[in-house]
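Please open the structure in the viewer and keep the selection panel at hand.

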Amino acid sequence: MSGDKVKARTPEEAPADGTEVQETINVSLEKSEEAKLKARYPNLGHKPDMLRKRLQKGQKYFDSGDYNMAKANNKNKQLPTAAAPEKSEITGDHIPTPQDLPPRKPPLVASKLAG
Amino acid sequence: CCTVFYLGGAPGGDMQWCFSQVKGAIDDDVAEADIISTVEFNHTGELLATGDKGGRVVIFQQEIENKSLPQFRSEYNVYSTFQSHEPEFDYLKSLEIEEKINKIRWLPQKNAAQFLLSTNDKTIKLWKISERDKRPDGYNLKEDDGRYKDPNSITSLRVPVLIPMDLMVEASPRRVFANAHTYHINSVSVNSDHETYLSADDLRVNLWHLEITDRSFNIVDIKPTNMEELTEVITAAEFHPHQCNTFVYSSSKGIIRLCDMRESALCDRHTKLFEEPEDPSNRSFFSEIISSISDVKFSHSGRYMMTRDYLSVKIWDLNMENRPVETYQVHEYLRSKLCSLYENDCIFDKFECCWNGNDSVVMTGSYNNFFRMFDRSQRRDVMLEASRENSKPMQVLKPRKVCAGGKRKKDEISVDSLDFNKKILHTAWHPQDNIIAVATTNNLYIFQDKVN
């Protein structure tokens, strides 16, 4: 295929200096990006939060009772925010109006790939 | 430069990729349900399946090559489409269960029908896709329209015959494998024994028999007793293509564990552990996130496996655990953008990767609807784009280049102009020929190499 020759780093061939220089550049790039991030978010959380959020994907509370029960069970842990459009409103404090409710899922229709 | 065409898809010379087809809506307003979530060729390449966020599966079939127009290779047309999964709500856990199809895997064909496994976050289904091109005619007790005849009116008997009818392709769910995953399923993989398959979620891997739906064996469990100590999750798993006792699973820490089911019933202890060593002083906040493996694929030969992490593709020799034998940078220019990519969540995007038929070329997607191919034998790579602008029949794709900074050459695109909403996460390569399927957000592109 047309294109530039790419350096596929194999253990035998790669000259030690080249990859070390590249790694140093990479590390400094990453660390400067990290500094940028920490400057914007001084209270940045760590990995366990990310993993836990990933495991709790899909969490939705179908009424205020459900939400309060979950809150009671997780007194010590940080409760993941429900998938509400307005993040400042908490289920149970806010009475939903028709405009606030998430749109109903559209009826099942055929895929556009097939038509 | 000359273009060489090899039967059977062996690479060599310069491959030139041409637009063949594009499926899906043209308009920019993308409905969430139309977002393509998986693409997979079957074992012969005759069928190409896609799954989407709306829980639907669309299967395309390759038509017989048009002999009178040799420059037009065979096209893929819609063969079957069905609703595989529907949205559910788990009231006990207050969990919304998305109908999005996470993976489709074809079973090898054993008889006239085709079978595939499709899965959402919680439930795996075995679908049978069969053709009906004959129907019975001449019932004794029924009229042609199905109404029952008055038995007293029948004076003679006849033998019903099968007469041809327009081809009908029917999809029916033959097995439903449910309630075995507490966490979200990310992978399914059919075993080379053609009888069993594995399914993996964030913390566990289960082994199923295709005939048995009411139980499965848990073969990997990395859930810590105290969830506060959770540091690693399973991101992908796959069975070895030939050794039915061997499978691998990858993790969010960039580690691949190979397990041998002959060693013990519960494969919590790996047989081999593949990890590239990293100097701890080189670690940044992003190191672990970008080392998370989003896809793992064995080569067809079974000798190698490929992993995809956020910035690179790595080829591992199963005989060498301490480092990959090849590393390819997919979009190195993103390293200086990690801060914004973290803010817009793109750093968590899960790109897949695939091998060509003879394991000489690997392919993976990127942003701005770019995708990349790395030719391992030729030590060449190319970046191409899937876009409607380059979709004239048999139009040759022009290589793309991204300028990381400084002076931008003509025809190059600056890294700041990249559209991070246009991501190619799913690609597939025909098992024998140089035909590839590339999924943008809601469109499926099919490209072929130029016939000489």
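## Chain A

Begin by selecting chain A, which holds three helices and zero strands. The model is a predicted one. Followed from the N terminus on, the elements of chain A run α-α-α. Of its 115 residues, 18% count as buried.

Next, select Val27(A), which lies in helix 1 of chain A. Is Val27(A) buried or exposed? Its relative accessible area is 15%, and because the limit for a buried residue is under 20%, Val27(A) counts as buried. The C-alpha atoms of Val27(A) and Lys60(A) are separated by 39 Å, and the two residues are 33 residues apart along the chain.

## The interface of chain A and chain B

Now show both chains and select the residues that meet across the interface. How many residues does the contact take from each chain? Chain A contributes 52 residues and chain B contributes 83 residues. Between them, the chains bury about 5700 Å², with 55% of this area on carbon and sulfur atoms.

Four salt bridges are found across the interface of chain A and chain B. To view one of them, select Glu30(A) and Arg335(B), whose side chains meet in a salt bridge with an N to O distance of 2.5 Å. The count of residue pairs in polar contact between chain A and chain B is 15, with both residues of a pair at pLDDT 80 or more.

Which helices of chain A each supply at least two residues of the side that touches chain B? They are helix 1 (16-40) and helix 2 (47-55). Helix 1 of chain A provides the largest share of that side, namely twelve residues. By residue type, the side of chain A that touches chain B divides into 20 nonpolar, eleven polar and 21 charged residues.

## Aromatic pairs in chain B

Over all chains, the count comes to 22 aromatic pairs. Select Phe285(B) and Tyr342(B) and display their rings. The ring centres lie 5.4 Å apart and the planes stand at 75°, so this pair is edge-to-face. Phe285(B) is in the loop between strand 19 (272-274) and helix 1 (287-291) of chain B, and Tyr342(B) is in helix 2 (residues 338-343) of chain B. The pair thus links distant parts of the chain, 57 residues apart. Both Phe285(B) and Tyr342(B) are buried.

Move on to Tyr367(B) and Phe420(B). Here the centres are 4.9 Å apart and the planes are at 65°, so this pair is edge-to-face. Tyr367(B) sits in the loop between strand 25 (361-365) and strand 26 (370-375) of chain B, while Phe420(B) sits in the loop between strand 29 (412-414) and strand 30 (426-429). These residues are 53 residues apart, and both are buried.

For a group of rings, select Phe19(B), Phe371(B), Tyr445(B) and Phe447(B), which ring pairs link into a cluster.

## Asn245(B)

Finally, select Asn245(B), in the loop between strand 16 (234-239) and strand 17 (246-251) of chain B. Asn245(B) counts as buried, at 13% relative accessibility. Which residues is Asn245(B) in contact with, leaving aside its neighbours within four places in sequence? They are Cys259(B), Asp260(B), Met261(B) and Arg262(B). With Asp260(B), the side chain of Asn245(B) makes a side-chain polar contact at 3.1 Å.

Definitions and conventions. Residues numbered from 1 in each chain as written. Chains lettered and ligands numbered in written order. Predicted model: local features only at pLDDT ≥ 70, side-chain atom pairs only at ≥ 80, totals over all residues. Heavy atoms only, no water. Contact = heavy atoms within 4.5 Å. Buried area = accessible area lost by both parts, 1.4 Å probe. Polar contact = N/O pair within 3.5 Å; in protein donor to acceptor, adjacent residues only side chain to side chain. Helix = DSSP H or I, 4+ residues; strand = E, 2+ residues; numbered from the N terminus. Nonpolar A, V, L, I, M, F, W, Y, C, P; charged D, E, K, R; others polar. Phe/Tyr/Trp six-rings, centres within 6.5 Å; stacked < 30°, edge-to-face > 60°. Buried < 20%, exposed > 50% of the residue type's maximum accessible area, 1.4 Å probe, protein only.
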